[in-house]
Amino acid sequence: MLQVKNLSFSYTESPLLQDISFILEQGENLSIIGESGCGKSTLLQAIFGLHDVQGEIFWNEKKLLGPQFNIVPGEEFIKYLPQDFDLMPFISVAENVGKHLSNIYPQKKKKRIQELLEMVEMADFKNVKAKNLSGGQMQRVALAKVLAKEPDLILLDEPFAHIDHFRKNDLRRRLFSYLKSKNIACIVATHDKTDALSFADKTIVLRNGKIVAEGNPQKIYYTPKNAYVASLFGEINEIPVHELIPFDDKTKTVILYPHELKSGRSGLEVKVISSYFKGSHYLIEAESNDKSIFFENKKALPDGRILYLKVSEKLLKTRLS
């Protein structure tokens, strides 16, 4: 179990992390999401032991310390995948993956390397030098490398950022399924809402180095605390409630995702500006009271068309409670 207690860190007078506390159980997957510069990468680095911090970090009963106490940062049971991959460019893919595996049992080592390369779909490149790989290929090899000696805790910083979209989804499923099967705890720092929602047991939202929301991913998504939290998962609308329900309190606003607004005979009057094809639907950009409104529709709508948008009373009550 990982325990982070009142963790703060700064290079200068401006703190990068402020009073961060959370618990991660063995085998759980925690996603950390937030805008660029919010402190996601710094938090992973601090947990790994690359920074001397205020506060405490424990793995079970063991206190994790920074570079002031450890000449070589990190612990054997924690693996960290930074955004720069940390591969050796002039040795092969297989040699990179097996770099820290014992040579006492060569066949066992070879089998382990092959198993991991197959998981990240890089077995055909095992003899290729790392410097000759694309960014996405390097990232897949780096994933295999950090798993070579199975850790208790793995820290992944934007682990799928360079990987082709068609391969990313399958790789995500296989990687997180593998971690669950091995009971490996995982923290993923990400900009990608799929990482934060589809595979996480818990989600933390960071802003300016502080936790602004945490808990179950579904709860964070469906009842966002504010527009910042909701905006991390896609386009949002922040609409005065009285524009949806006449005569309601004019001081109240509600945050709604595009798919939650439906066309009707009454409600918020909007004028269509553009239609954006999204595959299964169109994202419609409209205008109301000089403000952009986004909603989804099965078909494109002509520019300039006037229509009305409504939202279910049940959803409004949930969002406003």
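User: What makes lysine 202 and glutamate 28 a salt bridge?

Analyst: A salt bridge needs a side-chain nitrogen of Lys or Arg within 4 Å of a carboxyl oxygen of Asp or Glu. For lysine 202 and glutamate 28, the closest N and O atoms are 3.1 Å apart, so the pair meets that rule. Before we go on: this is a predicted model, where local features need pLDDT of at least 70 and side-chain atom pairs count only at pLDDT 80 or more, while totals for chains, interfaces and linings use all residues. Residues are numbered from 1 along each chain as its sequence is written, and side-chain values use heavy atoms, with hydrogens and water left out.

User: Why can you say that lysine 202 and glutamate 28 tie together parts 174 residues apart in sequence?

Analyst: Look at where they sit: lysine 202 is in strand 9 (residues 202-207), and glutamate 28 is in the loop between strand 2 (17-24) and strand 3 (29-33). Helices (H or I, at least four residues) and strands (E, at least two) are DSSP runs, numbered from the N terminus.

User: Why is lysine 202 called partly exposed?

Analyst: Buried means under 20% relative accessible area, exposed means over 50%, and partly exposed is in between (1.4 Å probe, protein chains only). Lysine 202 has 25% relative accessibility, so partly exposed is the label.

User: How do you know that glutamate 115 and arginine 112 are about one helical turn apart?

Analyst: They are three residues apart in helix 3 (residues 106-119), and that's why.

User: Is glutamate 115 buried or partly exposed, and what about arginine 112?

Analyst: Glutamate 115 is at 39% relative accessibility, so it counts as partly exposed. Arginine 112 has a relative accessible area of 14%, so it is buried.

User: What makes aspartate 201 and lysine 180 a salt bridge?

Analyst: Their side chains meet at 2.6 Å, N to O. This pair links distant parts of the chain, 21 residues apart: aspartate 201 is in the loop between helix 6 (193-197) and strand 9, and lysine 180 is in helix 5 (residues 165-181). Aspartate 201 has a relative accessible area of 32%, so it is partly exposed, and lysine 180 gets that label at 41%.

User: How many salt bridges does the rule give?

Analyst: The count comes to 15.

User: Why does lysine 145 have no salt bridge?

Analyst: The nearest side chain of opposite charge, aspartate 86, is 4.1 Å away, whereas the rule asks for within 4 Å. Lysine 145 is buried and has its place in helix 4 (residues 135-147). For charges, Lys and Arg count as positive and Asp and Glu as negative; His and the chain ends are not counted.

User: What is lysine 145 in contact with?

Analyst: Contact means heavy atoms within 4.5 Å. Leaving aside neighbours within four places in sequence, lysine 145 is in contact with Asp86, Leu87, Asn96, Val97, Lys99 and His100.

User: Why is phenylalanine 85 called buried?

Analyst: Phenylalanine 85 has 10% relative accessibility, so it counts as buried. This residue is found in the loop between strand 6 (78-81) and helix 2 (93-97). C-alpha to C-alpha, phenylalanine 85 and lysine 145 are 9.5 Å apart in space, though 60 residues apart in sequence.

User: What share of the chain is buried?

Analyst: Buried residues make up 47% of the 321 residues. The chain has 10 helices and 17 strands.
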